[in-house]
Amino acid sequence: MSEHDKIRDLLALAAADALTSAEEKQVAEHVRSCIACSNELGAWRPIASELHRLPTPLPSSWLVQSTLARAEAKLTEQAEHDWNRRVMIAVVAFAWLLTIASWPVFHVVTGRFGGLLEPQLSHTRFSYTWISFAAFTALGWLAGGVAAVMLAVRQRGERRPA
Amino acid sequence: MAVDADVVRLRRGDLNALSELITRYQNRLYRYLLRIVRQPAEAEDLFQQTWLRVVEKIRSFDASRNFDAWLFTLARNLAIDHLRRIHPQSLDEPLANSWHSETVADRIPCKDDTPLDHALAAERRTEISEAMAGLPMMYREVLTLRFEDEMNIEEIAQVTAAPVSTVKSRLRRSLEQLRYVLEARYPGGTWQ
């Protein structure tokens, strides 16, 4: 491909101001000495100029307002969701803390606190203490789970449009 | 690069920042979507979807990046998915009846000196708009990003996820095709 052909390929981009500075320089130098390319560039200019001046179609104010309302509702919903998640994490962490803290309390209440400190527990005592404790914990978690499901169902019902 | 304060505020869930951003980008975004899908009703729907997607994804937006490019990329992805679903042929082919259809853009009055200038300028822009609407989607997109949104080649490459060389070649071919269409329709440069 000759230099002339290469420059000719760049003319449309030159009119679109889409050349690198090196290419721009190359085109400018060539156009000064080549009438054909100068005319060609002249033919591209009005197209580029008109494209820059095309009128902008405007969105209706109704569209903007309704978009804003929907986006705000989503943002609020997301914030609420995030807050609920944070609260849930805190509640779960607290529940675990309470569960762990309740082990010694449980033993004090059942009079078996000393047994915890003994490295070798008898099989019977171990079973009695820990099965009771596991049942107590499972019951607590089950009640919590049921409450969470009921709350979620209720919340979904409230969100559903009337 | 300075981080856009409204974008930072939106990331924190500020409703006013959302309103500011929608107001700031409404015209550019709507125009871009309308140039891609060509139907006002579809552009309106995509406009809403884009902002909902912005709200959904704003936390994953890297604040050191260009928000314009990110926003237009979201809009582009939604528009392309929409076109693939609704009009799969429109990604490559011009609309069958687009040649004589009046677009919303054509109805917008423009500022010119005399009634004759006004009429001639409006006519020229209508011709360009119609010719542009008849081009394939990739060409319409690169033309609107370059000339209407005044993005540089690197920004267009970010939005379209294409290499700079591809964007340049697409821009050149879109201009050539536009000129070819105008010259075929108005021999002797009478459209100018």
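This is a predicted model: local features need pLDDT of at least 70, side-chain atom pairs count only at pLDDT 80 or more; totals for chains, interfaces and linings use all residues.
Residues are numbered from 1 along each chain as its sequence is written, and chains are lettered from A and ligands numbered from 1 in the order in which they are written.

**View 1. Chain B meets chain A.** Here 37 residues from chain B and 27 residues from chain A make the contact (two residues are in contact if their C-beta atoms, placed from the backbone, lie within 7 Å). On the chain B side, helix 2 (15-37), helix 3 (40-57), helix 5 (115-133), helix 6 (137-148) and helix 8 (164-185) each give two or more residues. Helices are DSSP runs of H or I, at least four residues, numbered from the N terminus. Helix 2 of chain B gives the most, with 9 residues. Sorted by class, the chain B side has 20 nonpolar, 7 polar and 10 charged residues (Ala, Val, Leu, Ile, Met, Phe, Trp, Tyr, Cys and Pro count as nonpolar, Asp, Glu, Lys and Arg as charged, and the others, Gly among them, as polar).

**View 2. A look at helix 6 of chain B.** This helix has 12 residues and spans 15 Å from its first C-alpha to its last, close to the 16 Å expected at 1.5 Å a residue (the expected span is 1.5 Å times one less than the number of residues). Because 11 of its 12 residues are buried, helix 6 of chain B is largely enclosed by the rest of the structure. Buried means that 20 or more other C-beta atoms, placed from the backbone, lie within 10 Å of a residue's own. Among the buried ones are Met137(B), Tyr139(B) and Phe147(B). Just after the helix, Glu150(B) takes a positive phi of about 55°.

**View 3. Helix 7 of chain B against helix 8 of chain B.** These two pack at an angle of about 105°, with their axes 9 Å apart (axes are lines fitted to C-alpha atoms, for helices over the stretch in contact, and angles run from 0 to 180 degrees between N-to-C directions). They are therefore roughly perpendicular to each other, a label for angles of 65 to 115 degrees. Ile153(B), Glu154(B), Ile156(B), Ala157(B) and Thr160(B) in helix 7 meet Val164(B), Val167(B) and Lys168(B) in helix 8. That contact has 5 nonpolar, 1 polar and 2 charged residues.

**View 4. Helix 4 of chain B meets helix 7 of chain B.** The contact is made by residues including Phe72(B) and Arg76(B) of helix 4 and Glu155(B) and Val159(B) of helix 7. Its residues divide into 3 nonpolar, 3 polar and 3 charged.

Notes:
Angles under 35 degrees count as roughly parallel, over 145 as roughly antiparallel, 65 to 115 as roughly perpendicular and the rest as oblique.
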